[in-house]
Amino acid sequence: MTAADPQDFSIEIAPQGWRFDCAPAQTVLLAALAQGHRLPHSCRNGTCRACIARLVEGQIAYRIEWPGLSAEEKAAGLILPCVACPRSDLKLAAAA
Ligand code: FES
């Protein structure tokens, strides 16, 4: 096992308490899957919304211009981890 890059951010998934590292250029979903955490997903391109989650703490940037969320959903803190890259340490929770 290699040590985490010091530029990686720490991601926490509630309520499971899962923690994993994510590089700034990596999506949260791919980092989770690569480190053995089975987050819900399907399309992996910001369309199907299967991965929708709530951003409890932290900042993200999207890899695509128009992730499949309404302005209201974004304002409510919902994100799509399959196209979201961390810009800080993050804490995520189930969207419901
Ligand atoms: S997996 Fe389809 S929107 Fe994220």
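Reply: A pocket is an open set of grid points with protein on both sides within 12 Å along at least five of seven lines. The model shown here is predicted, and its largest pocket has a volume of about 200 Å³. Of the 16 residues that line this pocket, Ile13, Leu39, Pro40, Ala53 and Ala94 are the closest to its centre.

Me: Which strand gives the most to the lining of the largest pocket, and how do the residues of the lining divide into nonpolar, polar and charged?

Reply: Strand E7, residues 90–94, gives the most, with three residues. The lining as a whole comprises 14 nonpolar residues, one polar and one charged.

Me: How should I read the largest nonpolar core, and which residues touch the most other members?

Reply: In soluble globular proteins, nonpolar side chains tend to be buried together. In this model the largest nonpolar core has 22 residues, of which Ile11 and Phe20 touch the most other members. Strands E1 (9–13), E2 (18–22), E5 (78–79) and E7, together with helix H1 (28–34), are the elements that each give two or more residues to this core. The most comes from H1, with five residues.

Me: With what is phenylalanine 20 in contact, leaving aside its neighbours within four places in sequence?

Reply: With those neighbours left aside, the contacts of phenylalanine 20 include Phe9, Ile11, Ile13, Val28 and Ala31. Gln35 and His37 are also among them.

Me: Is histidine 37 buried or exposed, and where does it lie?

Reply: A residue counts as buried when its relative accessible area is under 20%. Histidine 37 has a relative accessible area of 14% and is therefore buried. Histidine 37 lies in the loop between H1 and E3. Beyond its neighbours within four places in sequence, histidine 37 is in contact with Trp18, Arg19, Phe20 and Ala32.

Me: What is the order of the strands in the open sheet, and which are the edge strands?

Reply: The five strands follow the order E2-E1-E7-E3-E5, with mixed pairing. E2 and E5 are the edge strands, as each pairs on one side only.

Me: How many bridges join E3 to E7, and how many join E3 to E5?

Reply: Strand E3, residues 53–57, pairs with E7 in the antiparallel sense over four bridges. Within this pairing, leucine 55 has leucine 92 as its bridge partner in E7, and glutamate 57 stands opposite lysine 91 in E7. E3 and E5 also run antiparallel and are joined by two bridges; here alanine 53 stands opposite isoleucine 79 in E5.

Key. Residues numbered from 1 in each chain as written. Predicted model: local features only at pLDDT ≥ 70, side-chain atom pairs only at ≥ 80, totals over all residues. Heavy atoms only, no water. 1 Å grid on protein atoms, 1.4 Å probe; cavity = no way out; pocket = protein on both sides within 12 Å on 5 of 7 lines; lining within 4 Å. Points joined across faces, edges and corners; volume = space filled by probe spheres on them. Nonpolar A, V, L, I, M, F, W, Y, C, P; charged D, E, K, R; others polar. Core = buried A, V, L, I, M, F, W, Y, C linked by side-chain atoms within 4.5 Å. Buried < 20%, exposed > 50% of the residue type's maximum accessible area, 1.4 Å probe, protein only. Contact = heavy atoms within 4.5 Å. Pairing = 2+ DSSP bridges.
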